[in-house]
Amino acid sequence: MNIILAQHHGMCFGVRDALRTTHTAAQRAPLTILGQLVHNPLVDRHLATLGALRGDLDDLNSATTQQVAITAHGASDRHRQAWQSAGHTVIDTTCPLVKKAHHALAMLVNEGYQPVVIGQNQHVEVRGLIGDFPSAVVVLEEADLDRVPSHPRLGIVSQTTQPVEIALRLVDAIKRRHRSSEVRFIDTICHPTKQRQTAMDDLLRDCDHIIVIGGRNSNNTRQLVQKASAHGLPTIQIEHADELDPAWFGKARNVGVTAGTSTLDETVDAVMQRLRQIAAELRSNPVHEFLRSMLHAA
Ligand code: SF4
């Protein structure tokens, strides 16, 4: 069994910076994080060991500490100002590429476009994006496009972790439905997401089984899983190495491995190590090897 790690995988600079900033702030003084810093339960546990508390961005009573942190997914200016006005020191760990999406949307609104966001309606990043623009419409699939109102100018941005193909397909569909409107799309999908999606294309070409490592509520991790599943390959999503079951690899020859942008390097290393163990166990079991060769010959 060969194990192939995607060329681009795992933690992005935005998550790395958010972790570093939060870590430093939590060591300096008591800190409440206004949501899940990044979508990774192992990171939550690490931050809890530093004494960091969890609050709710929507609830000004949810933090008793002076310091509060906005997560890497960002927040609306309305929320940021509310916490500052309530007397808190706000540590802003918003990824610069999420800020870029905020600026793009604000620019479109200032120029008179009806704002449209491609993304998941209730995702924290999307809620932050539309938080200052009540007229914004969120769409994720063609069935949502009925909600896009007729307007001479439609301005579209995307959640940073959406696959490019999905965003472009929706932009085309909006153009078809609103032929007399000027439709402008600013591509705000982040580069690390694009790299991981492209690296997945390489895995899909070379592999027969796919493992995606990442938090179950991580959007970019889920998108990687969906891409592999849609390709028809046996695909599993795991959060840590202990979830690997050797039985799953019965027919596997080339196992592709990738990880979402909030997955820790040490988690990827542990998964790779466990996979190498499983491969060695399978090789050393002659009965198993025989059955595998029969399966592949069939
Ligand atoms: S996935 Fe993209 S937008 Fe999100 S933190 Fe990483 S670099 Fe930033």
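**Salt bridges and a domain interface**

Author: Asp77, Arg80 and Asp92 are linked in a network of salt bridges. Please note that the model is a predicted one.

Reader: How many salt bridges does the count come to?

Author: The count comes to 17 salt bridges. As a general point, side chains of opposite charge can pair when their charged atoms come close.

Reader: Which residue forms a salt bridge with Arg16?

Author: The partner of Arg16 is Asp265, and their closest N and O atoms are 3.3 Å apart. This pair links distant parts of the chain, since Arg16 belongs to helix α1 (residues 13–28) and Asp265 to helix α9 (residues 265–283), 249 residues apart.

Reader: And how accessible is Arg16?

Author: Arg16 has a relative accessible area of 32%, so it is classed as partly exposed. Asp265 is likewise partly exposed, at 41%.

Reader: What about Asp146, with which residue does it form a salt bridge?

Author: Asp146 forms a salt bridge with Arg177, where the closest N and O atoms lie 2.8 Å apart. Asp146 sits in the loop between β7 (137–139) and β8 (153–158) while Arg177 is in helix α6 (residues 164–177), so the bridge ties together parts that are 31 residues apart in sequence.

Reader: Is Asp146 buried or exposed?

Author: Asp146 counts as exposed, because its relative accessibility of 61% is over the 50% cut-off. Arg177 has a relative accessible area of 45% and is partly exposed.

Reader: Let us change topic. Into which domains is the protein divided?

Author: There are three entries in the assignment: domain 1 (2–9 + 192–297), domain 2 (13–95) and domain 3 (97–185).

Reader: What distance separates the centres of domain 1 and domain 3?

Author: Taken over C-alpha atoms, the centres of domain 1 and domain 3 are 33 Å apart. Their contact takes nine residues from domain 1 and 11 residues from domain 3.

Reader: What area do domain 1 and domain 3 bury between them?

Author: Domain 1 and domain 3 bury about 690 Å² between them, with 50% of it on carbon and sulfur atoms. On the side of domain 1, the residues that lose the most area to domain 3 are Thr193, Asn219 and Gln223, together 55% of what that side buries.

Reader: How many salt bridges are counted between domain 1 and domain 3?

Author: The count between domain 1 and domain 3 is one. Lys227 and Glu165 meet there through their side chains, at 3.7 Å from N to O. The rule also finds two residue pairs in polar contact across this interface.

Reader: Which elements give two or more residues to the side of domain 1 that touches domain 3?

Author: Those elements are α7 (191–206) and α8 (219–230). Helix α8 gives the most, with five residues. By type, the residues on this side of domain 1 are one nonpolar, five polar and three charged.

Reader: Returning to Lys227, which Asp forms a salt bridge with it?

Author: Asp201 forms a salt bridge with Lys227, the closest N and O atoms being 3.0 Å apart. Here too the pair links distant parts of the chain, with Asp201 in helix α7 and Lys227 in helix α8, 26 residues apart.

Reader: Is Lys227 buried or exposed?

Author: Lys227 counts as buried, because its relative accessibility of 15% is under the 20% cut-off. Asp201, at 37% relative accessibility, counts as partly exposed.

How values were computed. Residues are numbered from 1 along each chain as its sequence is written. This is a predicted model: local features need pLDDT of at least 70, side-chain atom pairs count only at pLDDT 80 or more; totals for chains, interfaces and linings use all residues. Side-chain values use heavy atoms; hydrogens and water are left out. Domain bounds come from an automatic or database domain assignment. Contact means heavy atoms within 4.5 Å. Buried area is the accessible area (1.4 Å probe) that two parts lose on being put together, summed over both. A salt bridge is a side-chain nitrogen of Lys or Arg within 4 Å of a carboxyl oxygen of Asp or Glu. A polar contact is a pair of N or O atoms within 3.5 Å; within protein, one must be able to donate a hydrogen and the other to accept it, and residues adjacent in sequence count only if both atoms are side-chain atoms. Helices (H or I, at least four residues) and strands (E, at least two) are DSSP runs, numbered from the N terminus. Ala, Val, Leu, Ile, Met, Phe, Trp, Tyr, Cys and Pro count as nonpolar, Asp, Glu, Lys and Arg as charged, and the others, Gly among them, as polar. Buried means under 20% relative accessible area, exposed over 50%, partly exposed in between (1.4 Å probe, protein chains only).
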